Amino acid sequence: MGYQVILDIIGSSIIGGLLFLTLLNFTAQTMETKQTYRDEIVAQENLVNVVTVMEEDFRRMGYCTVRSNMSNPIVTMAAAESVRFKTDLPDPTKASGEGDGVVDSISYAFGAPVLATANPNDRMLLRRENTGPYGGSSMGVTVFHLTYLTSTGDSIPSPVPAARLNEINAVEVTISVENINPYSSVSGPDSLATVLVNWKQLTFQIKN
Amino acid sequence: MIRFEMIFVILAGIFLGTLILNEKETNMSTSETLVVSQLGINAVSIANSYIQRISNPALAFDDSLVANAVQPNAADMVSKLSMLSLYLGRDAGETSQSQFNDVDDWNNLDTMVTIDNVGSFHVMCYVSYWDPIASAKVSTRQWYKLVEVAVADTVPNSPATHFFQFNDQRAEIREQFVVSYYKFLR
């Protein structure tokens, strides 16, 4: 009888231990999954924020309230990771977003890696209006790639030489965003787990 | 005879299994929402891309006006309204999008667009005349055309979409805008 009780205790301890380990493992995986989802939501939000600003700028590429003030080439510098183009920035005194008729320029450039974040892949996405200082955005952008297209849809190799800037009819933008604070994964503690969100706008048409 | 201890162990196993299954189901649901969200972002950008292409100032408002500009005065616009095409669609010899030279060439365009690491999207474009007073699509000639772009994601080897089903139809991103001939006048 006493022998049976000891066996029961040992058996229940083993089964209880297995259940407890399963529960611990399950909790760890659930925590990691939740963290991944949170990171992906943050990455998607960052992507949308970056894209919203960029879309507003690129959609005005070549636009000018006084059309005769705009002259070719619209894109004045075109490389794979940087661009400068003419536009007419919104006049703050007009609620409609209409420009003031004076030709402005906007530059975008993909800067140096951001050292302040744990992610080694993200880089600064820089934006400049006219000759002002560059403003940076550390939103976890890991890919910023520009492709320049002619009116027939053919791509022009980057960087586009000055003699071919007039041929640019549309710009294609590719952006990838990762979470800025990756973490060690339960399944692979030696590597950093990152979440990747991709976006591509096939065409930004020059307006002029 | 089954002892009470065994029943407790079985109940504990069932409880744990239910907990895990519930959590997995929640995770699957969240995962699907995130995938649909990313697909939606890209579908909107594809629709915007086509709107940008169709609103290209280099395109003519109508095929009949490619080599026959209309002057911005009422008399010329009234007299030349009948010149506009009744047939809206690609014209003879236009086999690819790069050959399209007027707005309505995009009508009934049905194509696929693939974005690396995201997926493939089904794109459809429709162009029709637009009556701005009635605010409705019409079949008679107008100086306005309504452009509609529909984008749906695709599941490989399946007619299904990741986007939520809506009234038993394929859900899709749909954007529309009106092109006015006045935009083409300089």
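pLDDT is the predictor's confidence in each residue, from 0 to 100. This is a predicted model: local features need pLDDT of at least 70, side-chain atom pairs count only at 80 or more, and totals for chains, interfaces and linings use all residues. Residues are numbered from 1 along each chain as its sequence is written.

**Exercise 1.** State the confidence of chain B and find where it is lowest and highest.

*Solution.* Start with the mean: chain B has a pLDDT of 82, and 87% of its residues reach 70 or more. Next, go by element. Helices (H or I, at least four residues) and strands (E, at least two) are DSSP runs, numbered from the N terminus. In chain B, helix 2 (residues 74–79) is lowest, at a mean of 74. Strand 3 (residues 136–138) is highest, at 92.

**Exercise 2.** Describe the ring pair of Phe58(A) and Phe85(A).

*Solution.* Recall the rule: rings of Phe, Tyr and Trp (its six-membered ring) pair if their centres lie within 6.5 Å; planes under 30 degrees apart count as stacked, over 60 as edge-to-face and the rest as tilted. Over all chains, eight aromatic pairs are counted. Here the centres are 5.1 Å apart and the planes at 50°, so the pair is tilted. Phe58(A) lies in helix 1 (residues 2–59) of chain A and Phe85(A) in strand 2 (residues 82–87) of chain A, so the pair ties together parts 27 residues apart in sequence.

**Exercise 3.** Is Phe58(A) buried or exposed?

*Solution.* Buried means under 20% relative accessible area, exposed over 50%, partly exposed in between (1.4 Å probe, protein chains only). Phe58(A) has 0%, so Phe58(A) is buried. Phe85(A), also at 0%, counts as buried.

Conventions. Chains lettered and ligands numbered in written order. Heavy atoms only, no water.
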